[in-house]
Amino acid sequence: MKKALNSMDELSRRKFMWNFAKSSLGVSMLSLFPRNILAEAGTAPPKGGTAKNVIYIYMNGGMSHIDTFDPKPGSKSQGPTESIKTNVPGIILSQHLPQLAKKMDKIALIRSMTSKTGVHESGTYMMRTAFRPSGNIVHPTMGAWAQLALGRRGQRLPDSVTIGGGADHPGAGFLGPQFSPIPINSPGDGLPYSKPPKGVSEKDVESRMELARAFDESFRHKYKKNQDVKDYEGFYQETVDLLQSEDLSAFDLKKEPNDLKEKYGRGQLGSAALLARRLIENGVRFVEINHGGWDTHNNNFNAMETKVPAVDQAVGALMDDLESRGMLKDTLIVIGSEFGRTPNINVNSGRDHHPRVYSTFFAGGGVAGGQVYGESDENAFAVKENPVQIEDFIPRSPTAWGFRSISGCMRRMVARSSSGTKASRSPRSSASASESETLRKGTPGRGAFLRLRIDPDC
Amino acid sequence: MPAISLAAGRTWTDAKGRNIEAEFLMQEGDFIYLRMEGGRQVRVPLKSLSEADQKVVPTLIPLATPETIKRSAAESAAIIDQHLAANYAKFGVKPNAKLRDSEFCRRAYLAIGGRIPTYDELTTFIRSSEKDKRYRLIDQLLESEAFVSNFYNFWADTLRVKTEMVEYLNGAPYIDWIKRSIRENKPYDMFVYEMITATGKLWENPATGYLLRDHGMPLDNLSYTSSVFLGTDISCAQCHDHPFEDWTQKDFYHLASFFGATDTMKGGAPEGRILQEIASKPELQDNGFRDQVRDLVRAHNYNVHDTITNVLSLPFDYKYEDGKPGDRVQPQVLFGDDPVLEEGKTSQRVAVGRWMTDRDNPRFAKVIANRLWDYVFGEPQLKPLDNIPDTAKAENPELMKFLETEMKRVDFNLREYLRILFYSDLFQREAPVESHDPSKTYHFAGPTLRRMSAEQIWDSFVSMCVPNPEEQKDLSVEFYIKYVDMDINKVSGEEVYQRVKTMRAVGQGEEMGLGAAMSDEADSKGNITFKGMKLRRASELRQPEAPSHILRIFGQSDRTLIHGASKQGSIPQLLALMNGAATEMIGSPESSLYRRLQEFNADKDKVDVIFLSVLSRYPTSDERQLAYRQIKAYGEMGFANVMWALVNTKEFLFIQ
C-alpha cells in the first residue's frame with residue numbers, strides 16, 4: 001500500500017508540478033465549473049457573512065505562537081516575553097501587542113491550529129492552498145479560487161495581488177495564468193516598471209509593441225499549441241491592458257499621506273499593509289502579504305522585540321484605517337503561519353519548528369470579535385481542545401467559494417457573528433475526521449462550526 | 001610504441017567470413033568490445049559475428065567492465081542515441097529535425113555558457129566551414145569561464161546558496177569555492193564529500209559553507225542532503241514516520257546521528273575584550289561602527305568541528321514504541337552497509353560522507369546522472385528529481401542504466417558527462433512545437449521547449465551591453481578574507497578597529513556589517529554599471545539578488561528551497577522588459593551591441609547585426625521592411641526601437 005501511494009504523493013519539483021498542473025484534467029475541466037459551483041452553492045448558502053475582500057498576512061518561517069497570540073505566563077515555556085491584558089476579560093496577549101490588545105473585542109483567535117509538517121516549504125504550501133504539496137499538481141491559492149467562483153471583479157486591475165511572495169508561490173496553480181495574482185516584491189516600489197523610461201512617449205511604446213508583435217508572428221505561429229508560449233501571450237495582453245489603465249495609481253504608495261505611513265510603520269510590513277488597503281479600496285479582492293524572518297532558531301527573544309511590535313503597529317493601523325473608511329466590515333484580515341515554535345527554548349536562545357499547535361488571527365469582515373476558538377495546553381505544546389487542521393482553515397474546493405466570504409474557518413467565524421452562537425450544519429457536508437469530531441464534541445458558547453462542503457477529490 | 005600483445009587474443013570471424021585478431025573486452029547489450037593489436041578498440045554488433053563466435057561470447061572472461069571501458073565522448077553519445085532510437089521505434093515517436101547552425105549556436109551558448117552568443121561569436125560559428133564545428137563549439141564552451149558561471153547557477157539553485165549566509169557571516173568564500181570546484185572540474189564525489197566532512201572556519205575551509213548554510217537547523221540540513229545527493233526525501237520522517245514511504249522517524253534520527261557530534265559554532269570570540277580595548281575611540285559611539293566591530297568578531301564564532309560526544313537523541317515528543325524521548329540514537333545509514341566507525345580515527349561525518357559518495361551507493365551516481373539529464377534536456381528520466389521512489393521506472397530503463405554507469409565510468413567527471421550529453425544527436429534536435437500531454441511519458445523527440453532561466457535572461461542582457469562579460473568578476477572574496485582572517489584570540493582591539501575603519505573607508509562597511517553582499521573595490525575603478533545595476537553576470541552578483549532585481553522578477557530562486565527558481569511568466573516580467581532599465585541599456589549608445597552597430601554603414605547590415613545579436617538569426621524580408629520603416633520614421637532611435645521590439649518577443653525568451 002505504501003508503495004502504491006508512493007507515486008501519488010511525492011513532493012516534487014516545481015517544474016514538474018507545473019507541467020502536470022496543466023494537464024487537461026486540471027485546466028479544462030475546472031474552467032467549465034464556475035457556473036455550476038455558483039448554482040450549487042446558491043442552493044445552500046448560510047446566511048450572513050459580510051466579507052468581500054481579504055487581506056491575508058502570512059508570516060513566513062513559522063511565527064512563535066507563545067510570543068504573540070498564545071502566551072503562557074508562569075509556564076516554563078514562556079521565556080522573557082511577558083503578557084498583557086486585553087479589553088476582553090480573560091483573554092491575554094503578548095506584551096508586544098499593546099494596540100491589538102485594545103482591539104481584542106474586534107479580533108478572533110484560533111489557538112488550536114495543528115499540522116503534521118514541520119518543513120517550511122510544505123507547511124507554507126498548505127497554508128496557501130490547503131493541500132499537501134503533490135508530485136503531479138499545483139493547487140491554486142485563495143485569491144485565484146475566489147476569482148474562479150465569483151468571477152473577475154475588476155476590468156483591468158487583477159483580482160489578487162501577492163506582496164513579497166517569492167519565486168515559489170503557487171499562484172493560480174492549475175487554474176492557469178489568467179487567475180494569477182500579480183506579485184509585488186517590495187510594497188514601496190509599487191508595481192515596478194509601469195511607466196516608460198524618460199524620453200519615451202506612450203505613443204512610442206505603442207509603436208514598439210506593434211513592431212514586437214510583428215516580429216513575434218512566426219514564433220507564435222510555430223508554437224501556437226505550446227501552453228507555455230500561450231501563457232506568455234495571455235500575460236502580454238493583460239500587461240497591455242493594465243498599462244493603459246488609470247487604476248495603476250492603486251499601486252502607488254506615494255499617494256498616501258506621511259502621517260498615515262507613520263501610523264502603519266515604515267517597515268516592510270507597515271508599507272505592505274498600507275498598500276493592501278489601497279489595493280482593496282481600488283477593487284482588488286484578495287491581497288496576500290508575506291512577511292518573513294520568523295524562523296527564529298537563534299535569538300528568538302531579540303527578534304520578538306522588534307518583529308512583534310511591527311505586527312502590532314501595522315495590523316492595528318490597518319484595522320483603524322479600514323474602519324474609518326467603512327471598509328472593515330467588508331474586509332477580512334487574517335494572520336497565519338506554517339507552524340508555531342517550540343515551547344522549549346534551545347541553546348541558542350531560539351525556538352525550533354512546532355507544527356503541533358499554533359495560532360491564527362482574524363479581524364474585520366464580519367468576524368465576531370472577542371472570541372478565542374480552541375485552546376493549547378499549559379505549555380502551549382499541544383492542542384487541548386478543538387483542533388483545527390489547515391484544511392479546515394482554508395477551503396479545499398471551489399464549491400466553498402460560492403459563499404461571499406473566503407475560507408473555511410474564516411467563514412465559520414463570519415457565520416457565527418451574524419447568526420448568533422448557533423450555527424446549522426449543511427446537509428451536504430462530507431466532514432473530515434477531525435472536523436466531525438470537533439462537531440460532535442461541540443463546545444457550547446464557543447460557537448459550533450458551520451459546515452462547509454469539503455470535496456476531498458477536488 | 002611497442003605493440004600491445006594480445007594475451008587473451010583470438011581470431012574472430014564475422015558473418016561474412018572475414019577474420020580479425022582481437023581480445024574480448026566485454027559485452028554491452030547487443031554489442032561487444034574488442035581490442036585489436038596496437039590497442040585499437042572496436043565496438044561490434046553481436047549479430048555481425050559468425051554464429052559460432054556469437055556462441056563463444058558468453059563463455060569468455062571479459063577484460064573490462066562498463067565502468068572501466070575506455071570510450072570517447074562521441075562514442076558514448078552515439079550509444080545514448082541508440083537507446084533513444086530504440087524508444088522512438090518502440091513508441092512510434094518521430095525524432096525532431098536537427099537545428100540549423102544559427103539555432104544550434106544559440107542553444108549551445110545558452111545551455112553551456114548560460115547566455116546568448118554575441119554577434120561576433122555567432123557569425124564566427126556560422127562562417128566556419130569545419131565539419132566538426134558543433135563539437136568544437138561544445139568543447140570550447142565547456143572549457144570557458146561562461147560555463148563556470150552557468151554551472152555555478154545550477155549549484156546555487158540546488159544548494160540554496162546565499163551571500164548572507166547566516167547572521168554575521170558572509171558566504172563569499174563558499175560561493176568562490178563552488179566556482180573553483182567547477183573550474184578545476186573537481187570530481188562530483190569529492191565535491192560532495194568535502195562539503196559533508198569539512199571542518200574549520202568558513203574562510204579557512206570554504207566547503208564548511210554547506211553545513212553553515214543551515215546553521216542551527218542540522219536536521220533540515222540533513223533532509224536537504226538526502227534529497228539533493230540521494231534523491232530521497234526523508235523530511236516527513238523528521239517529525240513522524242513517513243506516511244507513504246518506509247522511512248520511520250527513527251531512521252531519520254539514525255542518519256542524523258552521523259552529524260550528532262558536529263557543531264557549526266564554537267564561540268569564544270573575545271568580543272568583550274576587543275570592545276573594551278577600543279572603548280575610548282570616538283567612532284565606537286556610532287552604532288553602525290560598533291555593530292561592525294561586533295559582527296567581525298562574531299564571524300569567528302562559526303567553526304564547524306566534531307566533538308567527542310554525540311548529542312543526538314530522540315525528540316521530546318517522540319511517540320513510537322521503538323524508543324523514548326531523549327534516547328541516544330546510534331548512527332545508521334538508510335540503505336546499504338553501515339560504514340565502519342573506527343573509534344578516534346574516523347569521524348562519523350567522514351564515515352557517512354564515504355558511504356554517501358561511494359560509487360557503489362545505489363543512489364549517488366544515479367541521482368546526479370538523472371539530475372543532469374533533466375538539466376540538459378528539460379525532463380528527467382526518473383522523477384521526481386529529489387525523491388525518486390525505489391519503484392520508479394525510467395522513461396528508458398536501459399538508457400538510465402547506461403547513464404548511471406557512464407557517471408561512474410567517467411569517475412564523476414561532470415564536465416565529461418555533460419560533454420557526452422551535449423554530443424548526442426538529441427541535443428541538436430529542435431524542441432517540440434506542441435507542449436506534451438503531461439499524463440503521458442515524454443520520449444525525447446527533442447529537448448523540451450523552455451523559457452530561459454532568470455540567469456540566462458539577465459546574462460544575455462549583460463552580454464549585449466558589456467564586451468567580455470565573463471571578465472566582470474565579483475572581487476569581494478579576497479577582500480572579505482583579508483578583512484576577516486585573523487587570530488581572533490590574540491588580535492588587538494586596535495587591529496580590529498583599523499580593519500573596520502579601512503573597510504568603511506572603501507564604502508563597504510554598512511553591508512559588510514550584516515554579512516551582506518559586498519560591492520567590490522573595482523566599483524570606483526570603472527566597474528560597469530547602468531542606473532545602479534552592476535553589469536556582471538548573475539553568478540557575480542549578490543546571491544540571491546534583491547527582490548526588485550530583474551533576476552528575481554524573472555524567477556531567480558530566493559534560495560530557501562532546492563530548485564526554488566521558476567520559469568513561470570508574470571505581468572511584472574513583461575513590464576520589466578518593456579519599461580525596465582535592462583532593455584533601456586541595450587539601446588543606449590554605450591552598449592556593446594550599439595557600438596558594434598556603428599561600425600556598419602548600410603541599414604541592411606545594421607538590421608542584420610541587431611537580429612543576429614538578439615535572436616541569433618537573420619530577419620525575414622518582411623521583418624527587414626518593418627525595420628526599415630522604423631528607421632525611416634524614427635531615425636537613429638529606430639534602431640533602439642527594433643532592439644526593444646526584439647527583446648520583447650517570446651522568441652527571445654524561449655530556447656527553441
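**View 1. The residue that follows helix α6(B).** R160(B), which comes after α6(B), has a positive phi, near 60°. The model shown here and in the other views is predicted.

**View 2. Helix α6(B) along its length.** The helix covers residues 145-159 of chain B, 15 residues in total. From first C-alpha to last, α6(B) reaches 21 Å, close to the 21 Å expected at 1.5 Å a residue. At its N-terminal end the cap is S144(B), with a side-chain oxygen 3.3 Å from the backbone nitrogen of A146(B).

View 3. Buried residues make up 14 of the 15 in α6(B), so the helix is largely enclosed by the rest of the structure.

**View 4. The interface of chain B and chain A.** Contacts join 82 residues of chain B to 74 residues of chain A. The area buried between the two chains is about 7,300 Å², and carbon and sulfur atoms give 61% of that area.

View 5. In the one between E434(B) and K225(A), the closest N and O atoms are 3.9 Å apart.

**View 6. The side of chain B that touches chain A.** Helices of chain B that each supply at least two residues to this side are α23 (571-579), α24 (581-586), α27 (621-634), α28 (636-647) and α29 (650-653). The largest share, eight residues, comes from α23(B). By residue class, this side of chain B divides into 35 nonpolar, 26 polar and 21 charged.

Definitions and conventions: Residues numbered from 1 in each chain as written. Chains lettered and ligands numbered in written order. Predicted model: local features only at pLDDT ≥ 70, side-chain atom pairs only at ≥ 80, totals over all residues. Heavy atoms only, no water. Contact = heavy atoms within 4.5 Å. Buried area = accessible area lost by both parts, 1.4 Å probe. Salt bridge = Lys/Arg side-chain N within 4 Å of Asp/Glu carboxyl O. Helix = DSSP H or I, 4+ residues; strand = E, 2+ residues; numbered from the N terminus. Nonpolar A, V, L, I, M, F, W, Y, C, P; charged D, E, K, R; others polar. Expected span 1.5 Å × (residues − 1). Buried < 20%, exposed > 50% of the residue type's maximum accessible area, 1.4 Å probe, protein only. Polar contact = N/O pair within 3.5 Å; in protein donor to acceptor, adjacent residues only side chain to side chain.
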